[in-house]
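Please open your viewer and keep the sequence panel at hand. We will go from one selection to the next, with a short note at each stop.

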Amino acid sequence: MRVLIQLRPSSDLVAAVTDPAVSVTAADVAGGLPGIALDSSFAPVAVPRPVPAAGGDPLSMSGPLTFSLAAEDASVLVRGEISDDELSTRVSLLPGTRPDVVGVFADPVIEPYLTCGGDPPVGDWHDVERLLAVAELAAGGLDGSEVALAVLDTGINLDHVSRHLDREVALDAERSWVPGGVDGTPGRFDVDHGTMCAFDALIAAPKATLLDLPVLLSRRQGGSALDGLLSDAVAAFAHLREVLGAQPEESRALVVSNSWGSFSPRWDFPVGHPGNYSDNPAHPFNVIVASLEQAGADILFAAGNCGRDCRDGRCAFPDRPIVGANSHSAVLSIGGVDVENERVGYSSQGPGRLAKRKPDVCSYTHFSGSKAFGDDQPDSGTSAACPVAAGLVAAVRTQWPASRLSPAQLRTLLRRTADDRSTAGFDYDYGYGITDAKGILAALRRRKDA
Amino acid sequence: MFLVTVRLPPEATLAQAIERLGLSEDDVDTGYGLVLIDPTQDLYGLRVTEAAARRIDPAMGEGPYSDPPIEPFGPPR
């Protein structure tokens, strides 16, 4: 997190800061602050001391005040960055270690605008194709051939996907799975959210084979028309473990894209209850997620659309909205950026509830793509970012099955090569950064040569 | 309804789960059936009514676990 650190150095140093003829660096003022990466490009700024009128309350900012930049009164601001993981510890311990530190304050990004829900598309899917270096991936033989790419969602309309991608696409109905009580055939569901996800997954992995698992269409008792129940996802994951088990062990490649989650604690047991889902790794769904990953599947979950800047109106968790399996240590939790590499305002921020370091990475969203919601509507939400990243993973799996690169190693690869958006590594907005296909390709080449 | 889990031998059936948990067919979602959660632990899951979940002997099965609705994340509303 970016911070402003207010210090009260010696009066000579304050006088130098206030003198435009003297050059003073952040290191001169605040050198050696443990765990803080100082921003050397930010010239220290003198902050005047508020002085109350005679007899006024020295601790009130609401009475009449004058402001003093005298060297014995003023303080100095420098800018730096603290790792999100250690933020509260360092902020609370710092003044005790360094008596010259007066305070540490948030330095939020101020931007004219962040992309939010309802905004028009930012770029199109060809921009995503370019940013994901799809031509270079394909030239390296990484196009998704023979890789199963499961989309757990509202069902896929294959004709729509094929028409809007303007190419043939493959779907394996035999290995797809439809929950009990749902009418329909894999690949022939109404155009909706799942069709968008399938389209987006095929941007980076054009030759992957889709598996259609419309878990969000379930109308089991307790569900409603356009949602499912977590138990449907449990059953779908059990099916996928059979799919994976049927693949030869030396060439296993199954990528699972999940652009859904639980918006509210209302239907869950309270945190701390043994039957709770949001915070409990022992919940059956969180157990089966770990089991499928251990069997060799790459599992990706959208981080969610509960970002502080423009959260989805359905978000009902009061804080830490990346919950349950979306925050599982065995999955990649995907945040969203637009094609200008800026975080979209609705992309959920960490920490996650099961694993703190969430989201893991960000991928592209809010672009004109599938047109599943209308010709002028973007593929949006972390719902789109997740399958875009899943397609990239499927492309890698073309030549790197789980026997050569375990799901855990692949997650590390994506995190390590991500384009870091901060100067302190991981942060709760972008995770480790934006997925970088060229970086992945270079790392795989090095690995191949080793 | 809630999720409960039970440990059974490999290739177990819903009937075996019902018997182990001391339930009847009316207590469970037979359409959902018995789902293998983790083969390394011989751990299975099934959906049962709230009343049945509360009757289960903790020595025989675990739960109840929540079964919350899940929704697509996009488009943001």
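Select the charged side chains of chain A: the mean positions of its 38 positive and 57 negative charges are 5 Å apart. Please keep in mind that you are looking at a predicted model.

**Chain A as a whole**

Now show chain A as a cartoon. Of the 450 residues in chain A, 57% are buried. How much of the contact between residues at least 6 apart in sequence joins residues at least 24 apart? In chain A that share is 78%. Switch to a surface view, and chain A exposes about 18000 Å², with carbon and sulfur atoms supplying 51% of that area.

Over all chains, the structure holds 24 salt bridges, and we will visit a few of them.

Select A:R79 and A:D39. Their side chains meet in a salt bridge, 2.7 Å from N to O. A:R79 belongs to strand β6 (residues 75-81) of chain A, while A:D39 is found in the loop between β2 (37-38) and β3 (45-47), so this pair ties together parts that are 40 residues apart in sequence. Is A:R79 buried or partly exposed? A:R79 counts as partly exposed, because its relative accessibility is 25% and the buried class stops at under 20%.

Move on to A:E293 and A:R411. This is another salt bridge, and the closest N and O atoms are 2.9 Å apart. Here two helices of chain A are linked: A:E293 sits in α9 (residues 284-294) and A:R411 in α11, 118 residues apart. Color the pair by accessibility if you can: both A:E293 and A:R411 are buried.

Now pick A:E342 and A:R421, whose side chains form a salt bridge of 3.8 Å, N to O. A:E342 is in the loop between β15 (332-337) and β16 (361-364) of chain A, and A:R421 is in the loop between α11 and α12, so the bridge ties together parts that are 79 residues apart in sequence. A:E342 is partly exposed at 28% relative accessibility, and A:R421 is partly exposed too, with a relative accessible area of 31%.

One more selection belongs here: A:D279, A:D319 and A:R353. Salt bridges with shared partners join these residues into one network.

**A positive patch on the surface**

Bring the surface of chain A back and select A:R404, A:R416, A:R446, A:R447 and A:K448. Together they gather in a surface patch of positive charge. Which element gives the largest share of the patch? That is helix α12 (residues 437-449) of chain A, with three residues.

Zoom in on A:R404, which lies in the loop between α10 (382-397) and α11 (407-417) of chain A. A:R404 has a relative accessible area of 40% and is partly exposed. Residues need over 30% to be part of a patch, and they must have no salt bridge.

**Over to chain B**

The C-alpha atoms of chain B fill a box of roughly 45 × 30 × 20 Å along the principal axes.

Chain B has 77 residues, and 53% of them count as buried. Among its contacts with a separation of 6 or more, 61% are between residues 24 or more positions apart. With the surface on, chain B exposes about 3500 Å², and 48% of this comes from carbon and sulfur atoms. As for its charges, 6 are positive and 13 negative, and their mean positions are 6 Å apart.

**Last stop: B:I18**

Finally, select B:I18 in helix α1 (residues 14-21) of chain B. B:I18 is buried, with a relative accessible area of 10%. Show its surroundings: leaving aside residues up to four places away in sequence, B:I18 touches B:L23, B:S24, B:E25 and B:V28. To end the tour, draw a distance from the C-alpha atom of B:I18 to that of B:P64, 46 residues apart along the chain; the two atoms are separated by 15 Å.

Note on methods:
Residues numbered from 1 in each chain as written. Chains lettered and ligands numbered in written order. Predicted model: local features only at pLDDT ≥ 70, side-chain atom pairs only at ≥ 80, totals over all residues. Heavy atoms only, no water. Patch = residues over 30% accessible without salt bridge, like charges linked within 9 Å, V, L, I, M, F, W, Y side chains within 5 Å. Areas by Shrake-Rupley, 256 points an atom, 1.4 Å probe, with all protein chains shown as cover. Salt bridge = Lys/Arg side-chain N within 4 Å of Asp/Glu carboxyl O. Lys, Arg positive; Asp, Glu negative; His and termini not counted. Charge placed at Lys NZ, Arg CZ, Asp CG, Glu CD. Helix = DSSP H or I, 4+ residues; strand = E, 2+ residues; numbered from the N terminus. Buried < 20%, exposed > 50% of the residue type's maximum accessible area, 1.4 Å probe, protein only. Contact = heavy atoms within 4.5 Å.
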